[in-house]
Amino acid sequence: MPDFLVVPSLVVGVIIVLGLAFWARYKTVSPDEAMIVTGSFLGSKNVLTDESGRKIKIVRGGGAFIIPIFQQSQFLSLLSHKLDVSTPEVYTEQGVPVMADGVAIIKIGGSVEDVATAAEQFMGKPTEALKGEAQEVLEGHLRAILGTMTVEEVYRNRDKFAQEVQGVAAKDLKKMGLQIVSFTIKDLRDKNGYLDSLGKPRIAAVKRDAEIAQAEAVRDARIQKARAEEEGQKAELLRDTNIAEATKEKELKIASFKKDQDMAKAEADQAYHIQEARSKQSVVEEQMKVELVRKEREIDLEAKEILRREKQYDAEVKKKADADRYAVEQAAEAEKMRRLREADAHQYRIEAEAKANAEQKRLEGLAIAEAERAKGTAEAEVIRLRGLAEAEAKQKLAEAFEKFGEAAVLDIIVKMLPELAGRVAEPIKSIDKLTVVDTGHGEGAARVSNYVTSLMATAPEMLKSVSGIDVEKLMKRLAKLPDAPAPALAGTGEAETSK
């Protein structure tokens, strides 16, 4: 090896040796454990010093370099442990022997003090030793707490019981560097059936509540079923009603359509008959015109025939031909005039019939309108005359009352009372059969006659409400007069005074 490479090689070798030594002495710590470092040169971070001055370094997570010869490291598990805690028969506050079973989850505390305390007490011991000591502490406190409570308190509130046990035992476990993660009472039992007796009322109550709930559920189900059936019937009735309404609307629309069709058909028939009449009239006119043209043609033909015959027989019988021609001409002219008059007469007759029908319809309409107007005028006149008659009668009655005086008015009213009683009792006369039921006081038959008397007793009030005349007040005022006038004599219209 050349001399210039010796020194660098030694340096590299030293570095490698130092690196291997550092790697071999560097200790890493997992999350579920703690590393306890003892010795010298521990530094000040995570270092705990006890009363005697001894130091201990605790490393949680990460890692640390362990100086050879001067330092030593050990690992302490921080995993949790499950403990099954049970007690023999323990007498409660009431003197009832019971047994309790529970489950506790414990672990070494996470603080530096807890780890240091646990390391001092359990470092080098197996895990079973830690679990055994913690179990004894828990069972002792479980028995102690169980003796201060009643069976009912433990039975009904297990959480409270577990919390009290956990709270008392946690203090002692803290001194050992341990903490209780959870504590639960699994079972509480006895050999005398005391707990079963406590549960029987509750079981009976639960069964009762269950039966009641079941009965209520059946009742609610029946109610719901009845409501559902009612809603179903209502829905069916509503559907039937809607169907009936729809059927009615359909029938009304069909009837309306049929009515419109009948009216349209009637109008069409009427228009058809009118048009048919017009067509017949036009046909007749055309036939008359054709007949006239035919007759004219026949006349022309006859005239030409006559001319031909005149030329043929002109030499032989001129005079006779002249006479015959004259006769034929006169006859043709007469026939022509006759045909023309017949055609004119037929046309005039058709026009006259049409005009007569139209005039008849117009006159019928005028007559109906005139009758309605006359009827309305007559009714209005009757109403007017009736009002005048009533007003005149009231005026004459007022004049008579003013002329006769209060005594005469009273006399008229008194004479009208029997007729009023007859009018009031007239409905009773029309009763075919009347059954009187006596209630035992002998008033059954008397109530029939008292009915009319009671009605007559209300006559003055009825007369006052109708006419405004207070009969009772009028009679009292007339009774106080020293010289009352005598009632008017019927038919004379005069009144005499008496002293």
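Predicted model: local features only at pLDDT ≥ 70, side-chain atom pairs only at ≥ 80, totals over all residues.
View 1. Because Lys295 and Glu291 are four residues apart in helix H6 (residues 194-313), about one helical turn separates them; helices (H or I, at least four residues) and strands (E, at least two) are DSSP runs, numbered from the N terminus. Lys295 counts as buried at 11% relative accessibility, whereas Glu291 counts as partly exposed at 34%, where buried means under 20% relative accessible area, exposed over 50%, and partly exposed in between (1.4 Å probe, protein chains only). The side chain of Lys295 also meets that of Glu298 in a salt bridge (3.9 Å, N to O), and salt bridges that share partners join Glu291, Arg294, Lys295 and Glu298 into one network.

**View 2. A salt bridge between Arg189 and Asp101.** The side chains of Arg189 and Asp101 meet at 2.3 Å, N to O. Arg189 belongs to strand S10 (residues 178-189) and Asp101 to strand S9 (residues 97-108), so the pair ties together parts that are 88 residues apart in sequence. Asp101 is buried, with a relative accessible area of 15%, while Arg189 counts as partly exposed at 30%.

**View 3. The packing of helices H3 and H5.** Helix H3 (residues 127-147) and helix H5 (residues 158-175) pack at an angle of about 135°, and their axes are 9 Å apart; axes are lines fitted to C-alpha atoms, for helices over the stretch in contact, and angles run from 0 to 180 degrees between N-to-C directions. H3 and H5 are therefore oblique to each other, since angles under 35 degrees count as roughly parallel, over 145 as roughly antiparallel, 65 to 115 as roughly perpendicular and the rest as oblique.

View 4. Phe41, Ile69 and Phe70 form a nonpolar patch on the surface, with about 410 Å² of accessible area together (patch residues have over 30% relative accessible area and no salt bridge, with nonpolar side chains joined within 5 Å; areas come from the Shrake-Rupley method with a 1.4 Å probe). Phe41 lies in the loop between strand S2 (33-39) and strand S3 (47-49), and at 60% relative accessibility Phe41 counts as exposed.

Residues are numbered from 1 along each chain as its sequence is written, and side-chain values use heavy atoms, with hydrogens and water left out. Local features need pLDDT of at least 70, and side-chain atom pairs count only at pLDDT 80 or more, whereas totals for chains, interfaces and linings use all residues.

Technical notes:
Patch = residues over 30% accessible without salt bridge, like charges linked within 9 Å, V, L, I, M, F, W, Y side chains within 5 Å. Salt bridge = Lys/Arg side-chain N within 4 Å of Asp/Glu carboxyl O.
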